[in-house]
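Thanks for coming. I have one model to go through, and I will keep it brief.

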Amino acid sequence: MASASALIILLLFLSVQITQSSSPEKEKGHLEEWISLNVKHYNRKRAASLKWMQESGKHRKQQVPAAANSSQLDPNLRNAEMNKMIISVSQDGSGNFKTIKEALASIPLYNKRRVILDIKPGVYREKINIPRSLPFVTFRGDSSNPPRITGNDTASATGNDGTPLKTFQSATASVDADYFVAINVIFENTAAHVVGTVGEQAVALRISGNKAAFYNCSFYGSQDTLYDHKGLHYFNNCFIQGSVDFIFGYGTSLYENCQLNSVAKKVASLTAQKRTNSSILSGFSFKNSTITGTGSVYLGRAWGDYSRVIFSYTYMDKIVLPLGWNDWGKTIRDSRVYYGEYRCSGPGANMTGRVPWARILTDEEAMPFIGTYYVDGNSWLIHPS
C-alpha cells in the first residue's frame, strides 16, 4: 500500500513537471516575477537582458535604448526636457552664433532647461569647456556631415599662466557639467605621439560631468584620446581612435556598438581604467563593439589597483595580444583587478594565452555589465533629439 502511494505521488510530481516544462511562457513569467520581486536597482532590468542573451545571433546588435518612462526620469532632467530650446551655430553667419563658445556664453548660469546647440557642418578650431554651472547642454550635428571640433594641445604645452597644461587641461573639449549630450559630433586632438617621448598626452574630449551620453560621435587622437574621467556615461555607435591608453579614467561607462581603432606603431593599450578601491562602482563595459587597427594592443592595463574593464560580444582583430591584459608592472594588482571577457569573437579573442587573472565570465557574472542598467540608464537616458 505504501509503495502504491509513493508511486502515485511520484506520478503526480512528474505530471506537474511535464506541465510546467511544456509551458515556457509560464516558466518565463515565474522567472520575471521572481526577478521583479527580489532584485533591486539595476538588476530589475535583468529579465530583459536574459531574454536578449537567449536569442539567436541575428539579434545581437541592439539599437539605441528606449526612452525611459517620464515618471522614472530624474526630476531635474524631466523638467529640463519639458522646456527645450534650440540655438544654431554656423560659421557662415546664418545661425544665431558663429562659434560654439559664443553660443555657450549665451546660456544663463545654472540653466535648468535643455539647450540644444544645432552645430552646422564645419571645422571648429575652438578649445571648449562646459563648466558645472551649465548643465543640460546638447551638441547636435548633421549625421551626413558632422561638425569637427579640433585642437592640438598636449600635457606639456604651456597654458596662459606659463605652466604646463598637464593631461587634464590638454582636452580640445572638456565637459564638467551634468546631463551633457552629443549627437553626430567629431572631437579631435591632432597632436601626434612619438614612441618613447613624455608629455604628449593629448585629449580630444574629457568628460567629468555625470549622466552624459554620446551618440554617433567620433573621437580622434593618439595618446589619451578620450578621458572618461568620472560619472555615469553612455556611448552608442561611436568611433574612438588612438594609440596609447586611448580610453582612460575612472568613469562608470557603457560603450555599445562602438569601434575602437588603434593607430599604435608598437605595443600599446586600449584602456587604462583607474578604479582605486574595491567599493567604487566605476568601470568600463564594452558591448557589441569592434577592435581594429595597427600595432599590438592590450585590452587594458591597470592604472588603478582595482581597475575594471569588461568586453562582451566584441569582435577582436589579431592586433589584440594573446596575454590580453597588463598589470602595469605591479603584480599585486593581479588579484585585485576585474578584467572580464564574455562571448567575444575574432582572432584576438582566443583565451588560450590570456594572463591567468583574466576572467571568462559566466552568464550570471556578465549580466550586471551588459545593459544600460549598468549606468543606471532608466533614470536619465533619453532618446537623442
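Which residues does aspartate 245 touch, leaving out those up to four places away in sequence? They are Asp224, Ser269, Leu270, Thr271, Ala272, Arg301 and Trp328. Keep in mind that this is a predicted model.

I start with aspartate 245 because of its annotation: an unreviewed UniProt entry lists Asp245 under "active site". In the model, aspartate 245 sits in the loop between β15, residues 239-242, and β16, residues 247-249. Is aspartate 245 buried or exposed? Its relative accessible area is 5%, and since buried means under 20%, aspartate 245 counts as buried.

Now the sheet. β16 belongs to an open sheet of six strands, in the order β4-β7-β10-β13-β16-β19, with parallel pairing. At the edges stand β4, residues 128-130, and β19, residues 271-273. Each of these two has a single partner strand, so one side of each is left without a neighbour in the sheet. On average, neighbouring strands here are turned by 10 degrees against each other, ignoring direction.

Last, confidence. The protein chain has an average pLDDT of 85, and 80% of the residues score at least 70. Residues 1-62 are another matter: pLDDT stays under 50 there, and the model has 40 contacts beyond four places in sequence for that stretch. Where pLDDT is low, the predicted coordinates should not be read in detail.

How values were computed:
Residues numbered from 1 in each chain as written. Predicted model: local features only at pLDDT ≥ 70, side-chain atom pairs only at ≥ 80, totals over all residues. Heavy atoms only, no water. Helix = DSSP H or I, 4+ residues; strand = E, 2+ residues; numbered from the N terminus. Buried < 20%, exposed > 50% of the residue type's maximum accessible area, 1.4 Å probe, protein only. Contact = heavy atoms within 4.5 Å. Pairing = 2+ DSSP bridges. Axes fitted to C-alpha atoms, helices over the stretch in contact; angles between N-to-C directions. pLDDT = per-residue confidence, 0-100.
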